[in-house]
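Subject: Structure for you to look at

Hello,

Here is the structure I said I would pass on. Please open it first; my notes on what was found follow below.

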Amino acid sequence: MILQCSHITKTFLTNTVLNDVSFHINDNEKAAIAGINGSGKSTLIKIIMNELEADSGEVVIRKDVSVGYFAQNQEYNSDKSILEEMHNARPEIKELGKRLENLSKQMDNAEGETLENLIKQHDQARQDFERLGGYSYESEITGVLKGLGFNENDFGQPVQSLSGGEKTRVALAMMLLKKPELVILDEPANHLDINSIQWLEGYLSSYKGAVLVVAHDRYFLDKIATKIIELRQAKCTVFQGNYTEYSKKKQAAIEALMKQYLNQQAEIKHQEEVIAKLKSFNREKSIKRAESREKMLDKIERIDKPVEENTKMNLLFKPRIQSGNDVLSVKGLSKSYGSHELFSDINFDIKRGEHVAIIGDNGTGKTTILKILMGMYGSGTGFDGQVKFGTNVQVAYYDQEHQVLHPEKTLFDEIQDTYPDMNNTRVRNVLAAFLFTGDDVFKQIKNLSGGERGRVSLAKLMLSDANFLLLDEPTNHLDIDSKEILEHAVNNFEGTILYVSHDRYFINTTASRILNLTQKQIVNYPGNYDYYLEKKEDAERAQLVTDIQAGSSTEETSVAGSKLSWQQQKEEQARLRKIESELKKTEAEIEQLETRNAEIDSQLSDPANSTNIQLLQELSKEHEANGNKLEELMEQWEALSDTL
């Protein structure tokens with residue numbers, strides 16, 4: 001057991017957030033904390049990290065356990081480059097590397113007992129360096145940075161010049177490279193694109209240590225979690241399994257508890273009726289029997305009625321009029337910022353009733369496409385192409401930054417000013433449907449949390465009665481319950497939707513088609529996210545075959561064209577064989593050097609060689625040279641594997 005939380009209680013003023021919360025995390029276990037917004041997830045993490053003091057209870061982390069903590073929206077500031085900071089993540093490796101270098105230089109000019117002593121020091125330092133993973137650390141840095149969305153051109157950038165999201169990713173990379181025995185992550189998927197989230201899933205799943213994570217990404221939780229710690233109504237319940245298993249077990253537990261409650265209520269009612277009947281006989285014997293039953297009834301441990309939190313938004317999208325069948329046509333759309341081209345000559349059409357998701361890496365221009373459709377870029381601002389809406393199309397836009405909200409206005413004024421025909425009662429009813437009641441309606445927009453702003457934006461979107469919804473990251477800042485409500489509203493919407501999202505579970509549940517914005521182009525996948533994953537690789541392979549066979553598919557294709565396609569195919573096959581051959585050769589060299597270093601280790605530790613200074617010096621130098629070569633070969637192997 002690496003972490004034990006026992007009877008944790010925390011109250012803010014009169015609001016009890018955590019009440020008698022207990023759970024434990026075992027070595028190498030992957031656990032997730034789940035719950036609605038405001039259920040105390042981040043509070044619990046802060047108590048574990050000693051950033052907040054519990055009113056009562058105890059947190060015990062096993063002695064000498066290293067803990068890595070990644071907080072929400074954590075930024076890392078430094079005037080050093082990204083790569084320099086990554087080296088600082090493991091200062092012990094950096095220092096040992098310098099020590100090995102210094103010892104090697106000293107050995108070149110030493111002799112006798114001094115040389116013998118230096119060789120022993122060098123051998124010990126080398127063993128420590130190898131044990132800490134020093135020879136593979138450069139490759140590890142490259143793997144983590146690339147996995148989190150950086151490319152090698154970014155490595156030399158000063159951290160202080162990065163955006164907030166990029167600094168957050170630097171902080172996450174630093175923490176992962178330290179390899180703590182217990183990793184605690186609070187919403188790590190924020191600021192990561194789909195590819196980076198998938199990489200993080202794989203990294204954490206195979207991580208040789210314990211992981212405790214807070215996340216609203218259900219795909220992510222399904223991939224890594226083996227235990228779910230649910231916080232609900234200030235109480236804690238532990239479920240074994242991933243998110244899907246937890247969801248099923250939770251629903252079954254609620255249904256079982258409700259059944260027990262109803263059965264007990266029926267039994268109590270029956271006993272009360274019998275007692276009343278016995279008393280009505282007004283006989284001494286009957287009254288005694290009634291009193292006996294009353295005592296038995298008083299001793300029953302009453303089951304509380306299962307109560308759902310008041311967190312259910314009433315969200316329903318309903319178009320006022322129906323659009324024509326052709327909703328949107330995009331032809332030859334291109335967008336650049338100066339010399340930086342986002343995308344070029346993209347084309348797609350959307351028909352009535354479709355739910356289309358745009359996916360792609362951060363910075364590819366997904367949000368820009370929505371802004372162009374909304375007319376937020378006027379002529380002469382660097383985009384070309386044609387955007388045409390169909391007949392009777394009425395558009396409403398959900399902005400992930402909520403810039404369509406007015407910071408100085410109250411919630412009440414924000415709704416009433418946008419829809420002046422609504423009376424005070426209806427405005428309050430709408431806000432109540434989105435969980436804003438009482439004096440909450442007079443809060444200013446600027447004082448709301450991200451999740452609260454999201455609910456206001458969804459309220460305005462619902463009131464628009466539009467038949468074509470453009471949504472930019474609509475699930476950001478929403479808890480899982482709210483996401484499920486939004487999914488239900490989207491799936492029951494009779495109009496058309498085009499949205500940008502990195503929430504794979506949401507995409508899988510709601511999309512009928514996926515547009516993948518990659519390499520400045522749009523690739524169309526008819527189906528949900530699971531279908532996209534299945535067909536993406538097939539489509540890439542099929543494209544090569546299609547290109548090769550295109551020359552012979554029609555009578556008009558020339559013989560020369562067919563020969564050229566055949567030659568291209570042969571060249572591609574030859575290239576792949578060459579890569580495979582190089583990969584096998586590299587693996588053989590790695591195995592050979594590792595075997596040789598094992599032999600050298602044996603010779604260095606052999607007492608028979610302890611007085612042979614020249615031999616020990618030669619062996620140490622050979623081992624160091626082999627280690628450097630191994631590092632190069634491992635990087636080469638990784639690059640070849642990625643290419644293949």
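A charge is said to sit over a ring if NZ of Lys or CZ of Arg is within 6 Å of the ring centre and within 35 degrees of the ring normal. The charged end of Lys335 meets this over the ring of Tyr337, 3.7 Å from its centre.

Before the rest, two points on the source. This is a predicted model, in which local features need pLDDT of at least 70 and side-chain atom pairs count only at pLDDT 80 or more, while totals for chains, interfaces and linings use all residues. Residues are numbered from 1 along each chain as its sequence is written, and side-chain values use heavy atoms, with hydrogens and water left out.

Aromatic pairs

Rings of Phe, Tyr and Trp (its six-membered ring) pair if their centres lie within 6.5 Å; planes under 30 degrees apart count as stacked, over 60 as edge-to-face and the rest as tilted. The structure holds 14 such aromatic pairs. Tyr203 and Tyr207 make a tilted pair, because their ring centres are 5.9 Å apart and their planes stand at 35 degrees. Both Tyr203 and Tyr207 are buried (under 20% relative accessible area; exposed is over 50%, partly exposed in between, with a 1.4 Å probe and protein chains only).

Phe317 and Phe493 pair edge-to-face, at 6.1 Å centre to centre and 80 degrees between the planes. Phe317 is in the loop between helix H10 (284–298) and strand S10 (326–337), and Phe493 is in the loop between helix H15 (480–491) and strand S16 (496–500), so this pair ties together parts 176 residues apart in sequence. Helices (H or I, at least four residues) and strands (E, at least two) are DSSP runs, numbered from the N terminus. Phe317 counts as buried at 4% relative accessibility, and Phe493 at 5%.

Ring pairs also link a cluster made of Tyr219, Phe239, Tyr243, Tyr246, Tyr505, Tyr525, Tyr529 and Tyr532.

Helix H5

H5 spans residues 137–147, and nine of its eleven residues are buried. Among them are Tyr137, Ile141 and Leu145. The axes of H5 and helix H7 (residues 194–205) come within 9 Å and cross at roughly 135 degrees. Axes here are lines fitted to C-alpha atoms, for helices over the stretch in contact, and angles run from 0 to 180 degrees between N-to-C directions. H5 and H7 are therefore oblique to each other (under 35 degrees is roughly parallel, over 145 roughly antiparallel, 65 to 115 roughly perpendicular, and the rest oblique). In contact (heavy atoms within 4.5 Å) are Glu140, Gly143, Val144 and Gly147 of H5 with Ser196, Trp199 and Tyr203 of H7. Just after H5, Gly149 has a positive phi of about 100 degrees.

Cysteines

What is the count of disulfides in the structure? It is zero, taking a disulfide as a pair of cysteine sulfur atoms within 2.5 Å. The sulfur of Cys5 has its closest cysteine sulfur in Cys236, 8.7 Å away, which is too far for a bond. Cys5 is buried, at 0% relative accessibility.

Positive phi

Most residues other than glycine have a negative phi. His7, in strand S1 (residues 3–12), has a positive phi near 55 degrees and is partly exposed at 47% relative accessibility. Asp345, in strand S11 (residues 340–351), has a positive phi of about 55 degrees and is partly exposed at 43%.

Regards
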